[in-house]
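Please open the model in your viewer and keep the sequence panel beside it. This tour goes from stop to stop, and at each one it says what to select and what is there.

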Amino acid sequence: PGPVGRRGYWRTVGLTESIISELDTDHHFVHRSTIPTMHFQDSLPRLPLPKLEDSVKRYLAAQKPLLDDDQYRNTERIAREFGKGVGRKLHRELVEFDKKNKHTSYISDPWFDMYLCARDPVVLNFNPFISLNPDPKEAYNSQVVRATNLVVSSIKFLNSLKNEFLRPDIYYVNPKWSQSRLFKNFIRLLPTSVSWYGAYMVNAYPLDMSQYKRLFNSSRIPKLNKDELFTDERGRHLLVMRNGHFYVFDVLDPIGNILHPSEIQAQLIYILQDADCLPEFPLCYLTTEDRNTWAAVRQQLLEAGNEDNLQKIDSAVFCLCLDNISPKNDTELSHCMLHGHGFNRWFDKSFSLIITSDGTAGVNFEHSWGDGVAVLRFVNEVYRNSTRHPAIVPHSSPPALSATRCERLEFKLNDSIQSAINAARMKFKETNEKLSVRMFEFRKFGKEFLVKQKLSPDAVFQLACQITAYRQFGKIISSYEACSTAAFKHGRTETIRPTSILTKQCSHAFVEERSKHSVAELRNMIDECSKYHRRLQLEAALGRGFDRHLFALKHLSVSRGDPMPELFLDSAYQKLNHIILSTSTLHSPAVHLGGFGPVVPDGFGIGYNVFDTWVGCNTTGYLNRELQEFLRCLEYSLNDILDVLEGRPLV
Ligand code: BUJ
């Protein structure tokens with residue numbers, strides 16, 4: 001029965017309204033928030049545009065450790081001239097533009113452009129992954145049971161979002177407020193134009209929720225020179241990939257009822273049986289191509305009569321990949337989640353839920369539409385919901401199959417498309433073979449110890465990376481830590497530059513002057529690095545970095561067709577943006593692993609977390625030996641830091 005009929009029936013059997021409401025929530029939503037999902041959007045603060053002098057100052061502070069004195073003087077001159085001349089003009093224009101576009105942020109469009117104009121393949125270069133912990137109840141981890149439960153929870157998330165039942169993301173400085181009914185009821189009554197201020201009064205900070213609109217029913221469409229984002233909220237079907245074959249079936253009815261979980265289970269079992277071998281020309285490889293090549297082949301696909309099928313892929317609620325792989329360890333798991341065999345992923349989909357043969361689950365997501373915060377929230381909710389309120393139990397038998405519900409998409413492929421698929425397959429294989437993935441664990445300390453030492457755990461990890469790189473390469477190298485600016489309307493991310501004069505001095509002392517400094521002096525250096533890193537982190541989260549500001553100025557200059565300002569041609573600017581250490585962290589009880597590829601051929605992608613009692617990271621790189629050496633040196637650096645923190649001199 002539909003929601004009305006179902007509720008009516010429950011009434012006739014004598015259930016109270018509150019029980020009916022609970023039952024309804026359980027069946028169709030992850031929860032029903034008191035505060036509507038988008039309640040804060042109208043009153044979110046705007047991403048501040050830093051003063052140009054501040055950005056120049058911060059830029060130079062980030063450049064200083066990377067340059068020798070002569071190079072620095074030159075870069076300083078160029079930056080100061082920029083600040084007084086062409087930069088100032090561009091900045092004024094950007095301020096004007098920002099004033100006229102109060103509905104968004106100054107970085108939103110340039111950042112979409114950055115992603116959508118990039119021509120490199122999305123796989124490895126952009127799409128990250130987040131893998132989930134197993135269901136704590138062992139028997140729920142079989143492939144079909146896990147897939148069914150996660151699909152149902154994902155659709156409940158979608159329903160919650162569409163009905164504004166999903167709790168808004170709020171960062172509570174004092175988490176007690178997150179439990180307060182009084183607070184929520186008070187906030188709910190505030191008009192949306194001032195609701196943000198209500199939360200602010202108790203030191204709670206609502207986050208931007210605009211990205212969630214592209215979480216479902218969305219796809220990136222390859223186009224010549226600039227891709228497009230496509231969303232069709234009317235889509236009610238799920239896309240399922242198995243052995244390179246495409247299947248779709250409706251998981252929602254027109255009024256939002258979720259297909260009965262045992263029906264979903266039956267469809268998945270049917271698909272597993274039906275897709276027994278690989279197609280001769282697995283179409284998915286095309287989504288691993290560079291974007292212009294893919295755009296041209298997509299056009300051919302359309303012309304060859306595949307429009308309906310492509311439309312079904314693009315508008316599907318999301319993509320479920322039922323993989324034929326059982327990863328033996330975390331390295332294999334990372335390879336599987338980051339790129340897999342290529343034939344069983346549609347990398348353009350806003351996200352794909354991947355379930356391996358042994359029931360391990362993960363999400364690979366296209367990055368242009370949104371950032372880690374939105375995807376992590378989705379992962380957290382579906383993990384929690386699927387483990388606490390599983391839709392099916394193990395060994396439950398699905399109903400007799402109604403195979404008609406499920407459609408297998410057959411494509412018309414001419415010779416030219418077939419050879420494009422073959423070419424994509426070869427390129428994909430070649431690139432993936434070069435990528436190394438390595439896990440790292442350091443078990444001697446973690447967050448608890450560092451907090452007792454009055455140090456920022458994140459700063460200590462970043463400092464360890466700096467010392468490591470200095471030991472390995474004998475110089476300071478450009479580094480990047482991603483930081484969300486979702487506290488602002490249409491905020492995306494800002495860069496934290498973990499390299500500073502302080503980390504340079506400290507690295508130098510730890511590597512080159514091990515016996516020159518007393519333990520107290522070394523300890524003091526660590527303290528100073530930690531304090532400075534905290535400041536950079538706070539500044540970035542408040543939109544007071546320099547990277548996005550300079551990026552937006554450059555974008556403006558390019559879009560006006562102006563000659564490129566000298567600042568952006570400076571080899572030091574290029575070097576600062578050739579990111580060798582690309583890092584990102586997240587923490588959640590739902591997450592087992594996460595990772596992403598390096599952003600330059602000679603760089604490393606480092607997903608890390610400082611856990612309560614240990615430090616872990618998942619690293620990727622095309623230079624296998626260097627990556628291995630990096631992790632060997634990282635262990636050395638962390639041991640050194642521990643020695644100093646425990647009062648032992650470096651030996
Ligand atoms: O900076 C940005 O604008 C977005 C960044 C881009 N980049 C990845 C290149 C830094 N995107 C993100 O930061 C999203 C990344 C999402 C994955 C994060 C992985 C974190 C892994 C944590 C767990 C590691 C535990 C290892 C245990 C052995």
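A polar contact is a pair of N or O atoms within 3.5 Å; within protein, one of the two must be able to donate a hydrogen and the other to accept it, and residues adjacent in sequence count only if both atoms are side-chain atoms. What you have open is a predicted model, in which local features need pLDDT of at least 70 and side-chain atom pairs count only at pLDDT 80 or more, whereas totals for chains, interfaces and linings use all residues. Residues are numbered from 1 along each chain as its sequence is written, and side-chain values use heavy atoms, with hydrogens and water left out.

**Stop 1: Ser-479**

Select Ser-479 and Thr-499, whose side chains are joined by a polar contact of 3.3 Å. A polar atom in the side chain of Ser-479 also lies 3.1 Å from the backbone oxygen of Ile-477. Ser-479 belongs to strand 13; helices (H or I, at least four residues) and strands (E, at least two) are DSSP runs, numbered from the N terminus. Is Ser-479 buried or exposed? Ser-479 counts as buried because its relative accessibility is 2%, where buried means under 20% relative accessible area, exposed over 50%, and partly exposed in between (1.4 Å probe, protein chains only). If you leave aside neighbours within four places in sequence, the residues in contact with Ser-479 (heavy atoms within 4.5 Å) include Gln-466, Ile-496, Ile-579 and Leu-581.

**Stop 2: the ligand**

How many residues surround the ligand? There are 24, and the closest are His-367, Tyr-480, Ala-482, Thr-493 and Ser-584. A polar side-chain atom of His-367 lies 2.8 Å from a nitrogen atom of the ligand, an N or O atom in the side chain of Tyr-480 is 2.5 Å from a ligand oxygen, and for Ser-584 the distance between a side-chain N or O atom and a ligand oxygen is 2.6 Å. On its own the ligand has 730 Å² of accessible area, of which the protein covers 93%; such areas come from the Shrake-Rupley method with a 1.4 Å probe, and for residues only the protein chains shown count as cover.

**Stop 3: the nonpolar core**

Next, turn to the largest nonpolar core, which has 50 residues, and select Phe-249, Phe-318 and Leu-320, the residues with the most contacts inside it. A nonpolar core is a set of buried Ala, Val, Leu, Ile, Met, Phe, Trp, Tyr and Cys residues joined through side-chain atoms within 4.5 Å. Helix 7 (residues 143–162) gives the largest share of this core, eight residues.

Stay with Phe-318, which sits in the loop between helix 12 (307–315) and strand 8 (319–322) and is buried, with a relative accessible area of 0%. Among its contacts beyond four places in sequence are Val-151, Ile-155, Phe-216 and Leu-353.

**Stop 4: helix 13**

Select helix 13 (residues 330–338), where Leu-333, Ser-334, Cys-336, Met-337 and Leu-338 are buried. The elements covering these buried residues include strand 9 (351–355), strand 10 (361–365) and strand 12 (436–442). At the start of this helix, a side-chain oxygen of Asn-329 reaches to within 3.2 Å of the backbone nitrogen of Thr-331. After the helix comes Gly-340, with a positive phi near 55°.

**Stop 5: two loops**

Most residues other than glycine have a negative phi. Leu-124, although not a glycine, has a positive phi of about 70°, and you will find it in the loop between helix 6 and strand 1. Asn-243 is not a glycine either, yet has a positive phi of about 50°, and lies in the loop between strand 6 (237–242) and strand 7 (245–250).

Technical notes
Near = heavy atom within 4 Å.
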